[in-house]
Amino acid sequence: MAVHPGRRYPDAAGGVPGRARRRVRRAAAEPDPGDTQVRPRRPDRVQCEAHPVHDDQGQLQQIVVTFFDITERQRAVDSLKKSEALLNEMGRMARIGGWQLDLATGKQVWTEAVYLVHELDTTFEPNLDNAIGFYPPSAAPIVMQAVERAVNLGEPFDLEVEFVTAKGNRRWIHTIGRAVREHERIVALTGVFQDITARKVAEDELASYRDRLEVLVETRTQALNEQLARVREQEHLLIHQARLAAMGEMLGNIAHQWRQPLSALALVLGNLQDAERHQELTPQYLARKIADAHRLIDKMSTTISDFRDFFRPDKPPETFDLSQAVGAALTLMEASLKTHGIAVVTDFCEEARTRGRLNEYSQVILNLLSNAKDAILAHHPDGGQILVRVDRADDRARVRISDNGGGIAEAARERLFEPYFSTKPDGTGIGLYMSRMIIEKGMGGRLCACNRETGAEFTIATPLAPPEQ
């Protein structure tokens with residue numbers, strides 16, 4: 001637009017004269033109804049430039065005014081300012097900022113957050129020398145060496161070192177730097193600077209907690225080991241006591257087993273004496289009676305062998321049939337049960353094999369048979385009956401021993417397998433405890449008890465042995 005002398009010119013803020021502006025506004029507010037042409041949007045921001053035009057004599061002839069739409073540019077500037085303000089605020093919150101070192105001048109440029117961490121105002125002019133001065137003697141050489149290698153070799157660095165602010169406060173900082181190149185020449189260093197004091201304090205506290213926890217765990221572990229050693233010692237004592245109790249029970253069974261052959265042996269000796277007195281002791285009669293005596297002695301010797309096998313501690317695990325273990329126990333109990341008028345009924349439904357120590361398993365059977373005998377005699381002095389059944393249940397080999405001895409008192413059922421608990425006046429209270437340990441800990445099985453119609457039933461369930469190849 002050309003402006004001539006004598007006409008109104010743009011005001012100081014730029015733009016069109018006031019009267020022209022009013023005309024433009026009215027035109028914009030009241031468009032021509034017949035004008036269907038799409039007009040461009042009126043700009044939000046306008047930049048005005050005025051250029052005077054003079055004639056040959058230097059007289060002002062006109063002023064050329066140019067208007068520029070700078071809306072988008074101004075929006076970009078405003079957005080950039082907002083982003084910069086946001087970044088500065090985030091830097092202050094996270095205590096992280098950026099820096100750049102100009103190698104030609106040695107001067108540095110810091111963001112606001114870097115000044116904040118240094119506890120300096122933005123009037124401070126940083127350079128390499130005064131920046132290194134904030135590091136204590138333990139950290140300054142490390143930082144300087146990293147900077148020199150970055151300047152000379154282009155190596156980046158990533159350091160966590162101690163730092164002292166302008167107000168003398170000790171901090172920990174994390175600084176990262178890398179070289180800036182122009183035409184393969186390193187001209188500057190740029191990087192990140194962050195206050196990590198809070199993290200370091202947390203790490204130190206965590207390390208302190210960890211050390212205390214390790215001491216506590218070590219103390220507790222030592223206490224648990226000592227307690228475990230006491231428990232093991234107690235278990236060894238219980239095992240020893242259980243073996244002594246079982247040996248006492250076995251000696252009673254041996255006495256019953258030996259009573260009949262000893263009586264028969266005494267009769268053989270009496271017959272020999274009578275034959276000699278009546279002069280009827282012929283070589284043939286003597287040989288026959290000696291043979292009878294040897295059979296009786298062999299039977300007694302077999303009983304001793306069975307007793308020895310029961311208490312051999314070094315027998316290795318083996319695969320055996322449950323009826324084999326039940327038979328071994330019944331052989332040792334046979335005479336005692338007969339003496340007290342107790343009948344034993346066996347029901348071996350099917351073959352059931354398991355794996356473990358046969359002598360220990362038979363010892364459990366022997367203990368259960370002995371308890372059944374005592375329960376029967378306490379309720380039926382004239383005798384009773386024990387039923388022993390062998391079968392399978394799912395993947396378990398099972399033995400069930402039931403009696404007609406009246407059952408287990410309700411108050412005693414929960415404590416039945418506790419050490420030193422017994423329902424017998426003269427009981428040790430370790431037989432059932434040791435039996436459960438043998439079955440559950442030694443063989444991975446289960447020993448439990450319940451009441452039936454006329455008495456108690458004990459069930460031993462152990463894993464079935466894999467079929468033989």
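## Rings and a helix: worked exercises

Let's start with Phe134: at a relative accessible area of 12%, Phe134 is buried (under 20%; over 50% is exposed and in between is partly exposed, with a 1.4 Å probe and protein chains only). The model is predicted, with local features needing pLDDT of at least 70, side-chain atom pairs pLDDT 80 or more, and totals for chains, interfaces and linings using all residues. Residues count from 1 along each chain as its sequence is written, and side-chain values use heavy atoms, without hydrogens and water.

**Exercise 1.** Work out how Phe124 and Phe134 pair up.

*Step 1.* Ring centres of Phe, Tyr or Trp (its six-membered ring) must lie within 6.5 Å; planes under 30 degrees apart are stacked, over 60 edge-to-face, the rest tilted. The whole structure has eight such aromatic pairs.

*Step 2.* For Phe124 and Phe134, the centres are 6.2 Å apart and the planes make 75 degrees, so the pair is edge-to-face.

*Step 3.* Phe124 sits in the loop between α3 and α4, and Phe134 in the loop between α4 and α5, so their pair ties together parts ten residues apart in sequence.

*Step 4.* Phe124 is partly exposed, at 23%.

**Exercise 2.** Check the span of helix α11 (residues 431-443).

*Step 1.* Helices are DSSP runs (H or I, at least four residues), numbered from the N terminus.

*Step 2.* The expected span is 1.5 Å times one less than the number of residues.

*Step 3.* Next comes Gly444, with a positive phi near 65 degrees.

How values were computed:
Helices (H or I, at least four residues) and strands (E, at least two) are DSSP runs, numbered from the N terminus.
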